[in-house]
Protein chains: 2
Amino acid sequence: MEYKFAKRIQNLRASEIREILKVTERPEVISFAGGLPAPELFPVKEIKDVTRLVLEENGAKALQYTTTEGYTPLREWIADRTNKNMGSSFGYENILLTHGSQQALDLTGKVFLDEGDVVLCESPTYLAAISAFKAYGCRFKEVPTDNDGMIPDELESILYSTQNVKLIYVIPDFQNPTGRTWSVERREMLVQAAMKHNIIIIEDNPYGELRFEGEMLPSVKSFDKTGLVICLGTFSKIFCPGYRIGWVAGEEKIISKYILVKQGVDLQCNTMAQMEIAKYLELYSIDKHISNIKKAYKRRRDTVVKAMEEEFPEGVTFTRPEGGLFAWVELPPDVDSRDVLQKCLEKNVAFVPGGAFFPNENRQNTMRINFSNMPEERIVEGIKRISDVLREFIHAKLQASLGD
Amino acid sequence: MEYKFAKRIQNLRASEIREILKVTERPEVISFAGGLPAPELFPVKEIKDVTRLVLEENGAKALQYTTTEGYTPLREWIADRTNKNMGSSFGYENILLTHGSQQALDLTGKVFLDEGDVVLCESPTYLAAISAFKAYGCRFKEVPTDNDGMIPDELESILYSTQNVKLIYVIPDFQNPTGRTWSVERREMLVQAAMKHNIIIIEDNPYGELRFEGEMLPSVKSFDKTGLVICLGTFSKIFCPGYRIGWVAGEEKIISKYILVKQGVDLQCNTMAQMEIAKYLELYSIDKHISNIKKAYKRRRDTVVKAMEEEFPEGVTFTRPEGGLFAWVELPPDVDSRDVLQKCLEKNVAFVPGGAFFPNENRQNTMRINFSNMPEERIVEGIKRISDVLREFIHAKLQASLGD
């Protein structure tokens, strides 16, 4: 039988990352490809405790259906935490629990995007946000972005010249894929610009708590006077991703729409997961846990940056993230990182080619390096192997250009 | 700020059931309104065991990201079970785990439905399927349905006269909301008709294992020679709904599209939930557990049917389901069950008015009665209270008509 699928999925392709991840499951592969937190840091013992307690104290409730909005004590904690970190003034009624932050992206698309609407994003931006939004038939405009965030003049001019802009999507802290952090001025500028044009900002912040040095900067939300910033967050990077618990925070008028949409999409999040995380937050210090994660990731960040400084050939540049999980590498313009990856896989080392992080521009001379999921000695060895391949490629291009 | 939401959500309303459920949380209310399994039957002790084991044996893996497809041992179990129950020949590669059966409905909409497509459904049909599909801009055609399923001539004539039919959605076993079960002949007829017109059938089967008497009938899938039937299932009614683990089973060519869509929607299901259920299935007998559920629900079904037979006034008819969680009541044509509900809530008894289960016809003289979630004495008392209200209404209508 010939199947007639919906138009929206005709151009859908498998996530490049997920396909590469399948290859990198072989233990001999040194992988900078995933975005996986370090599993050796998961608080397994504590989770065993809280799971037992939740089932003993309240088993029937934990295994039953619950509300779409989510478990109130957990929503209260998230509201308080968001207020502390991001200068908002949310109550639990401003929070909807989502099945991971990815679901918050999908719901955002469903709540806001009509076919033909435009989403403004950083260039590059998070791959899986592109695919979540694209399913609703939107187009993307990449706003030229430097080390401090979107460039104000470019943003202004795009806002003036573009019809149907519905959302501005940004990851201001330790961005995926670049690891970059927006300056305070640019954050304020973004809110001013969005306010002038009456456009919603999605501030996606999965990594903000993982700052290795310096002070936490005021969030984009903190400059919001009119309720146009919606905040996305998740327990995936500060606790465990297997739980699939994230959230969306915003004005009640907006959150009520997200709740309606989530009803039709999957009714509610896993009840046990919500109650277990709430119990963990009640009995243990997540700050201490996050501090352990930061120590480990900082060592890995130091290691990967030092290795790239020492090993990468001339003409290759890279970011030095102050937090998060990722660094970003730019190769000479004529080197295609997909070709580099092919060679690297032969040497059992992997990364994600950067092209897919550009919704339109497809700049293939870029790569994303994840440093959170590997011991230091493998990081050093992996960067050495990538450097060998890069040298070959750059040498070959040089020879070719000399031969011209 | 005035928010500009997507067109698709402008007509979205809160699920009537979820709104009623909020009222019925008060312990003094006897509620036939939910679709909740009996929490006192949840295997809490066994789940405590398997949770501990999963975390001890494989904690880091259980808390980490996993594949979109889901945990292979669980997919294998589901494939085997589906083959046994439904006469299919699936392997694990035909199974995608979903965040509850509700997500399987949403993904179905996303994979198949373009704006203006038509979904054929029973009349009445499952409320939350209507809202899941409607979000993709489809229209519904209700196929006239009797106690044996869709009426063949009516189905044929709709198929011949309707453009853009994309899906036929059915719940052949102990349907929600009616509790009805399709005859074998109608099942075969449905596949023949769908084959002739090259249309996908969605066979939603959350209750099939909960048969109180008689033999399990051959599934719709069992008549499928060309891969046009997609099967939806869930652990919510045979295990615990809090886990949010359901599945979709079908041809690999179809399932690969569902997987792509799920990647963008929420990456994957809760990893722990998948591994815990798999461990439970390995260590305990789910058949024994299901047999306990069936015993309890059968008693409640017997109780509710007997009470309705004894108490309901003349002119009120109802179904006598052979399994599942629901019975369906039809009132005289001029009685609106929403008015009845208002009066019933004053007497602390609740049910779901049936109108919302008709995507177009909106027949308001109907009501859905859930019998799985209450002890027998409360069922008897609740039906008595509803009967009192019904008598008042029917008496008043009679008086009014005599007065004409």
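**From a buried aspartate to sheet and domains**

B:Asp266 is buried, with 28 other C-beta atoms within 10 Å; a residue counts as buried if 20 or more other C-beta atoms, placed from the backbone, lie within 10 Å of its own, as exposed if 12 or fewer do, and as partly exposed in between. The model is predicted, so local features need pLDDT of at least 70 and side-chain atom pairs count only at pLDDT 80 or more, while totals for chains, interfaces and linings use all residues. Residues are numbered from 1 along each chain as its sequence is written, and chains are lettered from A and ligands numbered from 1 in the order in which they are written.

B:Asp266 lies in helix H8 of chain B, where helices (H or I, at least four residues) and strands (E, at least two) are DSSP runs numbered from the N terminus. Leaving aside residues up to four places away in sequence, B:Asp266 touches residues including A:His99, A:Arg244 and B:His99, contact being defined by C-beta atoms, placed from the backbone, within 7 Å. The C-alpha atoms of B:Asp266 and B:Thr68, 198 residues apart along the chain, are separated by 8.6 Å.

Helix H8 (residues 252–266) of chain B packs against helix H4 (residues 100–112) of chain A at an angle of about 95°, with the axes 5 Å apart; axes are lines fitted to C-alpha atoms, for helices over the stretch in contact, and angles run from 0 to 180 degrees between N-to-C directions. At this packing, A:Gly100, A:Gln102, A:Gln103 and A:Asp106 in H4(A) meet B:Gly264, B:Val265 and B:Asp266 in H8(B).

Chain B also holds an open sheet of 7 strands with mixed pairing, in the order S2-S10-S9-S8-S7-S3-S4, two strands being paired if DSSP finds at least two bridges between them. Strands S2 (95–98) and S4 (139–143) of chain B stand at the edges, each with a single partner strand, so one side of each is left without a neighbour in the sheet. Within the sheet, strand S8 (residues 200–204) and strand S9 (residues 229–234) of chain B pair in the parallel sense over 4 bridges, and B:Asp204 has B:Leu232 in S9(B) as its bridge partner. Helix H4 (residues 100–112) of chain B packs on the sheet, and its direction makes about 40° with that of S10(B).

In chain A, the assignment, which is automatic or from a database, gives domain 1 (7–42 + 288–403) and domain 2 (44–283). The centres of these two domains of chain A, taken over C-alpha atoms, are separated by 26 Å.

Key: Two residues are in contact if their C-beta atoms, placed from the backbone, lie within 7 Å.
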